[in-house]
Amino acid sequence: LGLVTWSYGEALAAQFPYLSSGSPLLLGLVTALLLFASVLAHELGHSFVAIKQGIKVDSITLFIFGGLASLQKESDTPGGAFWVAIAGPAVSFAIFGILSAIGLNLDLTGPLAAILALLAAINFSLGAFNLIPGLPLDGGNILKAIVWKITGNPYKGVKFASVVGQIFGWVAIASGLLPLVLSGSFNNFWNLLIGTFLLQNAGRSAQFARVRER
């Protein structure tokens, strides 16, 4: 929260130098909280669809790359798993549409307009990023449901989507490491962190599926 508040506050201070001292940080905090609220709404999308299928949701955890709804069990059918997976991105895209419509229809200017545009872009990015077809992202769970439907085996779906997730993880790590090694640039440092996150979690998903299958 502190990192995101500081980052957005600095950006607003640079964009609107006339803001009084302390205002950019306060606006950065408001933006950060709205960002976390957007991620929470994304996870609630998954959770409400799961609850409708009779699946208990133990908790929702927010972390630096998004969130995670902890479900007590998987859906009973590939169709059910698909709808749980797609619900989160659908909520993010809906928020993007609502915020974009507000921005187009209301004559907003200054920091408020900037925050609204930023939140719209963040929700679009959140929905699009999560559609990458590799576990642990929502796109990976959609891919898992498709492979499950084709093969009739949920564990094959998990293993396939985990492999795809690991491939995306290695690509992201490479795109973060190459500029760092070749030119000392930290511009793609986030790619390195995201790639590590994907690689670790996709590997855990594959291991879990192998154990459950046996």
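User: Which hand does the crossing of α6 and α7 have?

Analyst: The crossing of α6 and α7 is left-handed. A crossing gets that label if the near helix is turned anticlockwise from the far one by less than a right angle, and it is right-handed if clockwise. A caution on the source: this is a predicted model, where local features need pLDDT of at least 70, side-chain atom pairs count only at pLDDT 80 or more, and totals for chains, interfaces and linings use all residues. Residues are numbered from 1 along each chain as its sequence is written, and side-chain values use heavy atoms, with hydrogens and water left out.

User: Why are α6 and α7 called roughly antiparallel?

Analyst: Helix α6 (residues 154-183) and α7 pack at about 160°, and their axes are 7 Å apart. Angles under 35 degrees count as roughly parallel, over 145 as roughly antiparallel, 65 to 115 as roughly perpendicular, and the rest as oblique. So α6 and α7 are roughly antiparallel. The axes are lines fitted to C-alpha atoms, for helices over the stretch in contact, and angles run from 0 to 180 degrees between N-to-C directions.

User: How many helices and strands does the chain have?

Analyst: The chain has 7 helices and 2 strands. They follow the pattern α-α-β-β-α-α-α-α-α along the sequence. Helices (H or I, at least four residues) and strands (E, at least two) are DSSP runs, numbered from the N terminus.

User: What makes Thr196 partly exposed?

Analyst: Thr196 has 30% relative accessibility. Buried means under 20% relative accessible area, exposed means over 50%, and partly exposed is in between (1.4 Å probe, protein chains only). So Thr196 counts as partly exposed. Thr196 lies in helix α7 (residues 189-213). Its C-alpha is 9.2 Å from that of Gln166, 30 residues apart in sequence.

User: What makes Glu74 and Lys144 a salt bridge?

Analyst: The closest N and O atoms of Glu74 and Lys144 are 2.9 Å apart. The rule asks for a side-chain nitrogen of Lys or Arg within 4 Å of a carboxyl oxygen of Asp or Glu. The pair therefore qualifies. Glu74 lies in the loop between β2 (66-71) and α3 (78-105), and Lys144 in helix α5 (residues 138-151), so the pair ties together parts that are 70 residues apart in sequence. Lys144 is buried, at 5%, whereas Glu74 is partly exposed, at 49%.

User: How many salt bridges does the rule give?

Analyst: The count is 2 salt bridges. Asp76 forms one with Lys73, the closest N and O atoms being 3.2 Å apart. Asp76 is exposed, with a relative accessible area of 61%. Lys73 is partly exposed, at 39%.

User: What makes a nonpolar surface patch, and which residues make it here?

Analyst: Leu1, Leu26, Leu29, Val30, Leu33 and Leu34 make a patch of about 500 Å². Patch residues have over 30% relative accessible area and no salt bridge; nonpolar side chains (Val, Leu, Ile, Met, Phe, Trp, Tyr) are joined within 5 Å, and like charges within 9 Å. Leu29 lies in helix α2 (residues 23-52).

Terms used
Areas by Shrake-Rupley, 256 points an atom, 1.4 Å probe, with all protein chains shown as cover.
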